[in-house]
There are 2 protein chains.
Amino acid sequence: VKFEVTILGCGSATPTITRKPTAQVVNVREHYFLFDCGEGTQVELRRNNIKFQRINQKFIRHLHGDHFSGLLGVISSIHLLGRTTPLQVFGPPGLEDIVLLQLKLSHSYLSYALEFVALEFDGSQIIYENEQLSISRLPLKHSVPCNGFLLREKPKQKNILKEKLTAYQIPIAAISSIKDGGDFTTEDGRTIPNKELTKERAKSYSYAFCSDTAYTEHLIPLLKDVDVLYHESTFLEAMRDRAKATKHSTAKDAAEIASKAGVKQLVLGHYSARYKTTEEFLEEALPIFENTILGHEGKVIRLY
Amino acid sequence: VKFEVTILGCGSATPTITRKPTAQVVNVREHYFLFDCGEGTQVELRRNNIKFQRINQKFIRHLHGDHFSGLLGVISSIHLLGRTTPLQVFGPPGLEDIVLLQLKLSHSYLSYALEFVALEFDGSQIIYENEQLSISRLPLKHSVPCNGFLLREKPKQKNILKEKLTAYQIPIAAISSIKDGGDFTTEDGRTIPNKELTKERAKSYSYAFCSDTAYTEHLIPLLKDVDVLYHESTFLEAMRDRAKATKHSTAKDAAEIASKAGVKQLVLGHYSARYKTTEEFLEEALPIFENTILGHEGKVIRLY
């Protein structure tokens, strides 16, 4: 049982041999989500030994080519590999048109159902949820409309102390409600408070993915207490003018947001191809936010 | 001065870590042409140290995603790198719609002129020429309409023998016509035949690119005496049924075409991802056509 993020790519618009376009896989207890799908994502999935077919939801943030160019490749390959499970793609209005036009002109049909969910760009809202977690979009500040994503685990069920099961002869039918925090009433009418029956509830974790965006304080309340924040840092402060012109962040910007939102850890990424090494990004962020790490291709961030 | 083909990718529909989607760069005397542009082509151009900006013509054979998915990436990256030289893209009708829709929805403008030339699929015809060469399309036999390409150098100018320049006092104004094969008339009215003035004309070379296609004898007269033929071999004979169903060739098919057309050299490629190694492709082709070599990523085929 785990919650981990695998960075497939954290380059920016022009990829290089080592710096791949943006894509990440988030695995929460064997539910796999793909955030962005830059050119070459299918090969990076292979390189990181992540099975294509396990991914049932993909989230695309905006329609700059570096964030969705790999989508058709993945859609086609999983078809060729015999997929039958439906695939949901969450992305900006227009993404569906692009994909369907390509499929039509290439005379392709798919062996599985492909469902598009068009995302708006106004504020934050839950766009997906299952029993364990929810995913919300976050409003970013970029040259074109762009969403970030916030994945939050729901409160977890409590574990019942084994000795109490026998001591109070708890029937199976009552277990689920106790795990959800309910008290238990014995056959002879006594109410046993939940906290006597259970261990403390395991912590629920959260992960936020914010790229591409300029520094924007609108994010701060939305990122409150998030465990891990991936925030783009396309530039260093020395190129503040370029960051401003292209509506991207510097490493310092990312650290300021992390600090003001009180997140637990900051991951930097989306480095401009002009930087051959990334150590300076860390040097710039650390004085402002101590628990900062550098994202890189193949990096796995384990929340638990 | 050279004529060489660099194979960026010779995998088929599902790329792997080592097998890249189809793309080739042909360099004829520093004119660069890109044949196909599979996902990840821009990274493979970098890996092979080929400058993006030197390519002014791209040729796309058909609209299966594995042959054009990298196009938007290249188009965007050369814009970001400041291109101003126009780019011509030759491809099936519909390719322009796909690219323009993506550019529109991503709010992109380009710093250079992008010109599309829609290619039909009926027979062979010259689609591009400059002073040195012509490029024709070739009719292939595939599950969707698909072209191959044939690049032929034009007859080269002859080199004038230096001692004749002084012996006959040939003026500069007369040189070009002699190089083109003309005779020379001296001031006193004598006609000097061209063959006395010049070395033998240097050979003009040709290269054909045929993928994706089933075995089709329509190609044979069109490929007559071609110097190098790249012919797909997606399968081995053991999977003849699969080759037939998907309208692809086996290594034996490719060798038969090479042999019947009398080409000088055959290059195999477009191997199905199911084959981990490619030696068997060579073993199957060699008994039928001796001068066969295996294409692979990064392979450079030098015609001169």
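This is a predicted model: local features need pLDDT of at least 70, side-chain atom pairs count only at pLDDT 80 or more; totals for chains, interfaces and linings use all residues.
Trainee: How much area do chain A and chain B bury between them?

Mentor: Chain A and chain B bury about 2,800 Å² between them, and 67% of that area is on carbon and sulfur atoms. The contact draws 33 residues from chain A and 33 residues from chain B.

Trainee: And how many salt bridges are there between chain A and chain B?

Mentor: The count is 0 salt bridges between the two chains, while 6 residue pairs are in polar contact, counting those with both residues at pLDDT 80 or more. On the side of chain A that touches chain B, the elements giving two or more residues are α1 (41–47), α2 (71–80) and α3 (95–105) of chain A, and the residues of that side divide into 13 nonpolar, 16 polar and 4 charged.

Trainee: Is G73(B) buried or exposed?

Mentor: G73(B) counts as buried because its relative accessibility is 7%, below the 20% cut-off. It is found in helix α2 (residues 71–80) of chain B, and, leaving aside neighbours within four places in sequence, G73(B) is in contact with E39(A) and Q42(B). The C-alpha atoms of G73(B) and Q42(B) are 6.8 Å apart, although the two are 31 residues apart in sequence.

Trainee: Switching to the core, which residues touch the most other members of the largest one?

Mentor: In the largest nonpolar core, which has 55 residues, those are V25(A), L95(A), V25(B) and L95(B). Helix α3 (residues 95–105) of chain B gives this core its largest share, 6 residues.

Trainee: What does L95(B) touch, then?

Mentor: Not counting residues up to four places away in sequence, L95(B) touches I60(B), L63(B), F68(B), L71(B), V89(B) and F116(B).

Trainee: Now charges: what do the side chains of R302(A) and E4(A) form?

Mentor: They meet in a salt bridge at 3.6 Å, N to O. R302(A) lies in strand β16 (residues 300–302) of chain A and E4(A) in strand β1 (residues 3–9) of chain A, so the pair ties together parts that are 298 residues apart in sequence. R302(A) is exposed, with a relative accessible area of 54%, whereas E4(A) is buried at 13%.

Definitions and conventions: Residues are numbered from 1 along each chain as its sequence is written. Chains are lettered from A and ligands numbered from 1 in the order in which they are written. Side-chain values use heavy atoms; hydrogens and water are left out. A nonpolar core is a set of buried Ala, Val, Leu, Ile, Met, Phe, Trp, Tyr and Cys residues joined through side-chain atoms within 4.5 Å. Buried means under 20% relative accessible area, exposed over 50%, partly exposed in between (1.4 Å probe, protein chains only). Helices (H or I, at least four residues) and strands (E, at least two) are DSSP runs, numbered from the N terminus. Contact means heavy atoms within 4.5 Å. Buried area is the accessible area (1.4 Å probe) that two parts lose on being put together, summed over both. A salt bridge is a side-chain nitrogen of Lys or Arg within 4 Å of a carboxyl oxygen of Asp or Glu. A polar contact is a pair of N or O atoms within 3.5 Å; within protein, one must be able to donate a hydrogen and the other to accept it, and residues adjacent in sequence count only if both atoms are side-chain atoms. Ala, Val, Leu, Ile, Met, Phe, Trp, Tyr, Cys and Pro count as nonpolar, Asp, Glu, Lys and Arg as charged, and the others, Gly among them, as polar.
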